[in-house]
Amino acid sequence: MQKIEISRRKFMQGSVALCVYATSSFSTTTSSSKLSNFTEENIPYLCNMCRNKCAGFARVVNNKVEKLNPNKYFPKSRNMLCPKGNAGIDALYDIDRLKYPLIRIGDRGDGRYKRVTWDEANEYIKEKLVTIIDEEKDNRSTLAFCNGEGFNKDEYIKFFGSKIGSANFLDEGSICLNTKLGATQLTIGDVGEMDVAGSDYLIISGANRYESLITPDSVDMIHSSQKLVVLDPRCTVTALKADEYLPLYPGTDLAFCLSLIYTAIKEKLYNETYVKEYFKDFDKLEEHILSNNYTPLWAESKTHIPAKKIEQIAHQFFKAQRPLYYLGRRSVWSANDFQLRRAMVLINALAGSVNREGGIIFGKPFTLEKEEINEPYYNASEGRFDLDGIVYGSQKGGSWLNFREKVLSNKAPYPVRAMFIRKHNIMQNMPNIAKTKEMLGKMDLVVVLDTMPSDTALMADVILPECTYLEREDMVVSFNRLEPSLALRNQVIKPLYESKSMQDILKGLGKKLSKPLFDISAKYDEDLQDSIKEIGARKSFVEGGYDLAELYKENTTKRNQKLIKKQFGDDIYNSLKTKGVWHPFIEQEKELGNDYYEYYPKEKRFYTVKRDYKVHCYLKKLKKSGFDPMPTWHNKYDFILPKDNFRLITGRYITSTQTATTNNAMLKEFQEKNYVWINDRVAKKLEIQEGDSLVLSSPINSIVIQAYPTNKIAPQVLWFAHGFGTSSEELTNAYGKGASDNMIIEDKFEKIYGCATMHETNITIRKL
């Protein structure tokens, strides 16, 4: 195929024409000559517009998706599709979506690409990557790869980690949930699941359940009768729905938690039977809390929540039948975040709210058999370096900010010269965007798999267009612990344009790379050289696992069919293909009213399971590493700002999933851009009115954003939503709309899990 070189704007204009042509070809006609060809189907699928993975049915008319509807059979999504889920149809037919493989012809980041064939794109990647790994003497970790939350993540890791052999995988964990997950795992031995519906007293710190992410937790809160207490510097929709709203300053939630623990221990409000049976080192916790005098009065001085109110909440919580302190599911807030999550878990445990209804439950999820692959061993491949100086960290997903810093400062033990990026807009999702741009600028090869021309995609040497979730089948997934189920993302329509599923993309790359990369190992690896002498090159290649496309000898449909039928049988496979879901009581579901269903009979739910576990109050590894072995307050956590400074906090709107949805034409009608919330009294003093343009400056950068004065935020705090301020002109609905928080958030990270601390940046403001 002849290579066509065109400018960025001309390329996009051509894309518009192609999109209009493709869409019109799907249009339904009712003329008599076409009625015989009329087809209509309702195909089950799993949403990918946020992390919740709700189930739905797609109404497909003549191969065009006309509507997305909720799926009543799925316990996890409760017969619900949120605004983002409904807008998935526009993600499929987005006029700006990536349609063809592209190779960069201009400077990195300027958006100049040429359209190529898949074979040309894979050949370009092969030539670059083979040269890099040869020059690095078969150290496969010179290639880093990343993937955000979602399906296919494990397959992606298998391909680049297990088969190609790189140790440097990075995911969203260190800019999201790792402190919460780690704190729970280390304290009670499992991440668990929160039974919000079973709770009769619920405390939430910061998590905006009714506004930022509508999930089963949110639906359960609507249908439950528990008392709701919300702590937040901002009066959110969740706070407005609460029985008690307690405004406090950022980073002081830990002081509130410590005072609850103090009151529970001092007044013996805790569940003594549970503590006696399950707690380890309770005596150390008791001595630590009481000796530090974490009284409600002390907490008032830190949080500005009245001591009497704190004491009242403590009594109400520990006297409730099934209290739950909600652990949250959002980015790290402050430097003390790990200890805050630990304190939350300990509060639940002191109330006996672990492994029981209304608490943190272990449950009994379905365990799916794993597909086995033959993994090569690369002697020259070095280990990851981004967890140096981190106490625990995630061996799987690492620490993004530590990784980036070591690459930029040349303090990594070896050069990182290539990066493969999928489902991870790293140019927007990490603090200090300028540093991410600099890091990508150092790479010899950047490859992006994406559905949209994101800011990150425009930093790539090669862009590979992945199809959307409605255009592919993914491997079966097990969901939920309390009411476990299986769910399957079925293919709704075939991929549009020249986009491909991740599986097909990796299959093509695998076929292209397998032999050349094997030859490099044969050049440097003495063990492989001995194997070739002993059994020959062909047998060494096959038995050594060097076939990178091994997992994709069969397509996903056949792999699912084989796995599900073997482990669960034909009936369950048929349920997954026709209903998209299976659980043992799927034929017994009953409607409780207003399209709200009971899935498992209550007596069949896994509130409590036999489990050998302990509640660990004291973590020795933290002590040995120079950190607090138990939740502790330090004066450096006090909320004290320099004169004329504000603390920036961020969140998101219900219509946004990070930066993935801001170009969606349907969702932009709800929220086209973001505004900065500023306390109305402060705004009046500074003569700032709604809509005024403000310059927000931090130690690293400045942005311009419009003001929204309100009485629903603390005086020294600013808030605006994440996900806006894209710099990619190819996103025609998002470009130039609002501002990006990560342009001004400082790249600080805590050292227990290496997580970015998103709410530690001080800001000054100036009206334009």
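# Rings, pockets and buried residues

Thr655, Ser656, Thr661, Thr662, Asn664, Leu667, Lys668, Gln671, Glu672 and Phe724 line the largest cavity. The model is predicted, so local features need pLDDT of at least 70, side-chain atom pairs count only at pLDDT 80 or more, and totals for chains, interfaces and linings use all residues. Residues are numbered from 1 along each chain as its sequence is written, and side-chain values use heavy atoms, with hydrogens and water left out.

**Cavities**

- The whole structure holds four cavities of 30 Å³ or more.
- A cavity is a set of points on a 1 Å grid over the protein atoms alone where a 1.4 Å probe fits but cannot get out; lining residues have an atom within 4 Å of a point.
- The largest cavity has about 60 Å³ of space. A volume is the space filled by probe spheres set on the points, which are joined across faces, edges and corners.
- Two nonpolar, six polar and two charged residues make up its lining. Ala, Val, Leu, Ile, Met, Phe, Trp, Tyr, Cys and Pro count as nonpolar, Asp, Glu, Lys and Arg as charged, and the others, Gly among them, as polar.

**The second largest pocket**

- A pocket is an open set of grid points with protein on both sides within 12 Å along at least five of seven lines.
- The second largest pocket has a volume of about 520 Å³. Of its 26 lining residues, Ala335, Asn336, Lys636, Tyr637 and Glu760 are the closest to its centre.
- Helix 14 (residues 337-350) gives the most to this lining, with three residues. Helices (H or I, at least four residues) and strands (E, at least two) are DSSP runs, numbered from the N terminus.
- Nine nonpolar, eight polar and nine charged residues form the lining of the second largest pocket.
- Domain 2 (189-364 + 612-624) and domain 3 (641-767) each supply at least three of the lining residues. The domain bounds come from an automatic or database domain assignment.

**Aromatic pairs**

- Rings of Phe, Tyr and Trp (its six-membered ring) pair if their centres lie within 6.5 Å; planes under 30 degrees apart count as stacked, over 60 as edge-to-face and the rest as tilted.
- The count comes to 38 aromatic pairs.
- Tyr392 and Tyr753 are stacked, because their ring centres are 5.8 Å apart and their planes stand at 20°.
- This pair links distant parts of the chain, 361 residues apart. Tyr392 is in the loop between strand 15 (360-361) and helix 15 (400-408), and Tyr753 is in the loop between strand 29 (717-721) and strand 30 (762-767).
- Tyr392 and Tyr753 are buried (under 20% relative accessible area; exposed is over 50%, partly exposed in between; 1.4 Å probe, protein chains only).
- Tyr597 and Tyr599 have ring centres 6.4 Å apart and planes at 40°, so they are tilted. Both are buried.
- Ring pairs join Tyr270, Tyr274, Tyr278, Phe279, Phe282, Phe362 and Tyr613 into a cluster.

**Charges over rings**

- A charge sits over a ring if NZ of Lys or CZ of Arg is within 6 Å of the ring centre and within 35 degrees of the ring normal.
- The charged end of Lys53 sits over the ring of Phe151, 6.0 Å from its centre.
- Arg234 lies over the face of Trp677, at 4.5 Å from the ring centre.

**Two buried residues**

- Leu696 is in strand 27 (residues 693-697). Its relative accessibility is 0%, so Leu696 counts as buried.
- Pro601 lies in the loop between strand 23 (596-598) and strand 24 (615-616). Pro601 counts as buried because its relative accessibility is 18%.
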